[in-house]
Amino acid sequence: MAGLVYQSWKGNNIFVLGGRLIFGPDVRSLFITISLIIVPVVFFCAFVVRNLLHKFPAYNAGYAILVVTIVFTIYVLVLLLLTSAQDPGIVPRALHPPEEEIYESAVTNDGSGQTPRLRFPRIKEVSYNGMTVKVKYCDTCMLYRPPRCSHCSICNNCVERFDHHCPWVGQCIGKRNYRYFFMFVSSTTMLCIYVFTMSALNIKFLMDEDHRTVWWALRHSPASLILMIYCFISVWFVGGLTVFHLYLISTNQTTYENFRYRAESRLNVFDQGCVSNFSEIFCTSVPPSKNRFRAKAQQDVQKPPPSAMENKDNEEPVEYIRTKVEDDLEIGGALSKVSERSFEESDIRDRNSAGRDVGPDTYTSTLEQGIGGQLPLDTHGGTHRHSSWGRSGNWEIIQEVLGMNSAATESGRFAGEGPAPESR
């Protein structure tokens, strides 16, 4: 019985709450990112905001600093969750390769009986916005990737409008979560600037008391100094990402396309102008997911290759083939013993005859006459080997071999289903 889609998912994703949330395989890094946000905010509220609560007595405006900090932090965490816990735009895998694109590789007629292998064109051309775009075939997902789609080696999925795999959020960034990713990065930048500014304001108020110096204020409030250093370092990281992705959005590029095709100076067929590019990201609805992770999974029935279907009727019963092989081995062993005994008797007679000519009976002709031609032997280019098979006493051994051959034939008929096929 087939389970649900997320239970038989072939990618490397991690599902939570019965398939309602989907994360990347490196979801543990998400907890590091959350701690890098929450810990400084708690530190800021405990040591800096507390000193600023009563610095604005009119309308108790100092409490607004605390409220803004909490709300802003929750907003950033929600954006982080929306980026990390939803389908980034995964293209569903095909159950079978596209049959309309199959072609057989050329096989030379050398008599080897080699079966032609089924192959797919690696690249084909499609039309996008009136221009020709090349798309590649994905062997893992067994489909041709849509334009701007790429296969993530970490998540093991093909993702539409693939931007990159972000280890800080533990998820691929694609068509469905790129907007939330940019909002998360830019909001984190603003949060860093906010905390830095409030910490610097706290230092300013300490300096205004009794006309103290900046060094005295920093020693009196080391938390403000630590937060200022932390935010200054962080803003270079998240702020740099914000500026970089603003450039990508304005030119309608992805990080993957920018790094891969930058040196080729390739024409960007997706660029529709700065205003239209920003509108595409922020003013359009998020497309629904193409995957129903909580739906019942379809049975993956493997289709046999055409060569297997053609050769199925020509196969002999397995039991008969096994019996036939065993009987051939027994007959081969008996013939070996017969040959050894005949050569020993021939040597003894030759020594006793002391130079007397031996009859011209041959080893090969005697076997063919005794067994009735059922065991053809190689005559080595038409030259028969001389032996003493024509003498008395050897025909008893030949009759034993004939009896074993008849018994082996009868056992092969009973072991297979129906009459045994003719030997080929």
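Me: In which loop does Asn156 lie?

Reply: Helices (H or I, at least four residues) and strands (E, at least two) are DSSP runs, numbered from the N terminus, and in this predicted model Asn156 lies in the loop between β8 (150-152) and β9 (157-159). Asn156 has a positive phi of about 60 degrees although it is not a glycine. Residues are numbered from 1 along each chain as its sequence is written. Because this is a predicted model, local features need pLDDT of at least 70 and side-chain atom pairs count only at pLDDT 80 or more, while totals for chains, interfaces and linings use all residues, and side-chain values use heavy atoms, with hydrogens and water left out.

Me: How many helices and strands does the protein chain have?

Reply: The protein chain has 11 helices and 11 strands.

Me: What is the mean pLDDT of the protein chain?

Reply: The term pLDDT stands for the predictor's confidence in each residue, from 0 to 100. The mean for the protein chain is 76, and 65% of its residues reach 70 or more. Over residues 306-321 the pLDDT is below 50, and this stretch has 12 contacts in the model beyond near neighbours in sequence, where contact means heavy atoms within 4.5 Å. Residues 411-424 also stay under 50 in pLDDT, and for them the model has 15 contacts beyond four places in sequence. Where pLDDT is low, the predicted coordinates should not be read in detail.

Me: Is Met142 buried, exposed or partly exposed?

Reply: Buried means under 20% relative accessible area, exposed means over 50%, and partly exposed is in between, with a 1.4 Å probe and protein chains only. Met142 has 21% relative accessibility, so it counts as partly exposed. Its place is in the loop between β6 and β7 (143-144), and Met142 has a positive phi of about 55 degrees although it is not a glycine. For the chain as a whole, 37% of the 424 residues count as buried.

Me: With which residues is Val135 in contact, leaving aside its neighbours within four places in sequence?

Reply: Val135 has its place in strand β6, and it is buried, with a relative accessible area of 4%. Leaving aside those neighbours, the residues in contact with Val135 are Arg122, Ile123, Lys124, Val126, Tyr144, Arg145, Pro146 and Pro147. Of these, Lys124 is 11 residues apart from Val135 in sequence and 5.6 Å apart in space, C-alpha to C-alpha.

Me: What does the side chain of Thr251 reach?

Reply: Thr251 has its place in helix α5 (residues 222-251), and it is buried, with a relative accessible area of 18%. The side chain of Thr251 reaches the backbone oxygen of Tyr247 at 3.0 Å. Beyond its neighbours within four places in sequence, Thr251 is in contact with Asn268, Asp271 and Asn277.

Me: Which residues lie nearest the centre of the largest pocket?

Reply: Rolling a probe the size of a water molecule over the atoms shows where empty space is left. On a 1 Å grid over the protein atoms alone, a pocket is an open set of points where a 1.4 Å probe fits, with protein on both sides within 12 Å along at least five of seven lines, and lining residues have an atom within 4 Å of a point. The largest pocket is lined by 28 residues, of which Val133, Lys134, Tyr261, Arg266 and Phe270 lie nearest its centre. Both β6 (131-138) and α6 (255-261) supply at least two residues each of this lining.

How values were computed: Polar contact = N/O pair within 3.5 Å; in protein donor to acceptor, adjacent residues only side chain to side chain.
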